[in-house]
Amino acid sequence: MEVEWKAFELRPEGVEIPPKSSEYVQRAKAGVEAMSKQYGLDMKWNDKSKHSRHALEGAKYAEEQGFGNEYHDVIFAAQFQQNEDINDMDTLVRLGAKIGLDGRELREVLKSRKYRTAVLRDHQEAMQLGITGIPCFVSGDQGVMGAQDYDSLKALVNNAE
């Protein structure tokens with residue numbers, strides 16, 4: 001089985017979402033805590049990251065350099081465990097260097113927006129497939145959105161064979 005990561009922005013760059021009420025934020029935080037417990041994951045609410053375009057562009061670079069999985073792991077930890085801004089270039093360069101990427105080259109890639117088109121192409125593909133949220137898993141011509149347990153993902157893959 002081959003895993004192919006695709007870029008998807010919940011809050012696209014340039015789109016600002018109106019502030020949410022404190023009640024909404026508390027419910028959302030409680031939802032993250034419940035999901036963390038349900039799946040046995042260390043997940044926390046992140047109040048720093050509002051956008052992710054730079055992180056997604058960095059992922060394209062990391063994948064090209066052979067560090068795709070390591071990059072995704074370190075970015076997920078930064079987002080969901082360490083409350084870091086994953087759209088901040090300094091943060092991304094530091095995290096990229098931590099996993100073995102050339103920090104100066106990563107910074108140049110992010111500044112030049114070299115992978116912007118690739119990220120937008122992934123987003124367009126998601127829209128054409130009707131994907132509206134993440135995570136989303138696709139195998140063959142079937143897909144499921146949202147957090148899934150192991151058995152559900154196994155069934156998705158087995159049904160596509």
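Which residues of helix H4 (residues 89-98) are buried? The legends below take up this point and others.

**View 1. The buried residues of helix H4.** Thr 91, Leu 92, Val 93, Leu 95 and Gly 96 are the buried residues of H4; buried means under 20% relative accessible area, exposed over 50%, and partly exposed in between (1.4 Å probe, protein chains only). Helices are DSSP runs of H or I with at least four residues, strands are runs of E with at least two, and both are numbered from the N terminus. This is a predicted model, in which local features need pLDDT of at least 70 and side-chain atom pairs count only at pLDDT 80 or more, whereas totals for chains, interfaces and linings use all residues. Residues are numbered from 1 along each chain as its sequence is written, and side-chain values use heavy atoms, with hydrogens and water left out. The buried residues of H4 pack against helix H2 (53-64), H3 and helix H5 (103-112), where contact means heavy atoms within 4.5 Å.

**View 2. The ends of helix H4.** After H4 comes Gly 100, which has a positive phi near 110°.

**View 3. Glu 9 and its partners.** Glu 9 lies in the segment before helix H1 (22-39) and is buried, at a relative accessible area of 4%. Arg 53 forms a salt bridge with Glu 9, the closest N and O atoms being 2.8 Å apart; a salt bridge is a side-chain nitrogen of Lys or Arg within 4 Å of a carboxyl oxygen of Asp or Glu. This pair links distant parts of the chain, 44 residues apart, with Arg 53 in helix H2. Both Arg 53 and Glu 9 are buried. Glu 9 also touches Ser 52, Leu 56 and His 123, residues up to four places away in sequence not being counted.

**View 4. The salt bridge of Arg 94 and Glu 84.** The closest N and O atoms of Arg 94 and Glu 84 are 2.2 Å apart. Arg 94 belongs to helix H4 and Glu 84 to the loop between H3 and H4, ten residues apart. Arg 94 is partly exposed at 44% relative accessibility, whereas Glu 84 is buried at 15%.

View 5. Strand S1 (residues 136-139) and strand S2 (residues 142-145) pair in the antiparallel sense over four bridges; two strands pair if DSSP finds at least two bridges between them. Val 138 has Gly 143 of S2 as its bridge partner. Two residues lie between the strands, and Gly 140 takes a positive phi near 65°.
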